[in-house]
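Here's a quick briefing to read alongside the model. Have the sequence open as you go.

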Amino acid sequence: MEEEIEKCISHLKEGKVILYPTDTVWGVGCDATNEESLMRIYRIKQRNEKKSMIILLDSMQRLPMYVKKIPLIAWDLLAHVTRPTTFIYPSAYNLPEKLIHEDGTIAIRIVQHEFCRRVIRGLGHPLISTSANIAGEPTPQTYENISPEIRRQVDYIVSHDQATSMDFKPSRLIKFIDDYNFTIIRD
């Protein structure tokens, strides 16, 4: 796994796009602070550029680097999540404009997958996380189900966890309304 992590970090630092396992499904990703790489992902997925994407962080201590005002309730929720949960925070910053929704929000998941955590930590930046499919097509539930079209267009495919079968389930999605209130968008 060490060698695979180093290869990922190297490719990401060079602005490359990778295909990698996450704590939910296989994702297409890049350094979230690299706008050129981000635009490549939009082209690979044939995704509308107005749709923002999720970013992954390795720890909640990094949230203040990308969210100006973290709702007070966020810290309690983050301390108690037991399954992959993506939170939509207000007042995003330090990220490419394309990643930030027109209302100023950003979707962030503190990843539980050890491989991802170590890649993010080594890179020093968040990762883009978007499912490994063309926009509008079903999300692949295993590595085997990822289309050849996606595989051909990425710069690097992680070999770690390819044979592992995950219980496919997208992350829970929660949006903060204010310091004390939130709404569950997807459970």
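Helices (H or I, at least four residues) and strands (E, at least two) are DSSP runs, numbered from the N terminus. This is a predicted model, where local features need pLDDT of at least 70, side-chain atom pairs count only at pLDDT 80 or more, and totals for chains, interfaces and linings use all residues. Residues are numbered from 1 along each chain as its sequence is written, and side-chain values use heavy atoms, with hydrogens and water left out.

**Helix α2**
- Helix α2 spans residues 35–45, and its buried residues include Leu 38, Ile 41 and Tyr 42; buried means under 20% relative accessible area, exposed over 50%, partly exposed in between (1.4 Å probe, protein chains only).
- Among the elements covering those buried residues are β2 (27–29), β6 (127–131) and α5 (148–153).

**The sheet**
- Nine strands make an open sheet with mixed pairing, in the order β7-β1-β2-β6-β3-β5-β4-β8-β9; two strands pair if DSSP finds at least two bridges between them.
- β7 (156–157) and β9 (182–186) stand at the edges with a single partner strand each, so one side of each has no neighbour in the sheet.
- Strand β3 (residues 54–57) runs antiparallel to β6, joined by three bridges, and Leu 56 has Leu 127 of β6 as its bridge partner.

**Ile 100**
- You'll find Ile 100 in the loop between β4 (85–89) and β5 (106–110).
- Ile 100 is partly exposed, with a relative accessible area of 21%.
- Beyond its neighbours within four places in sequence, Ile 100 is in contact (heavy atoms within 4.5 Å) with residues including Ser 52, Tyr 93 and Thr 105.
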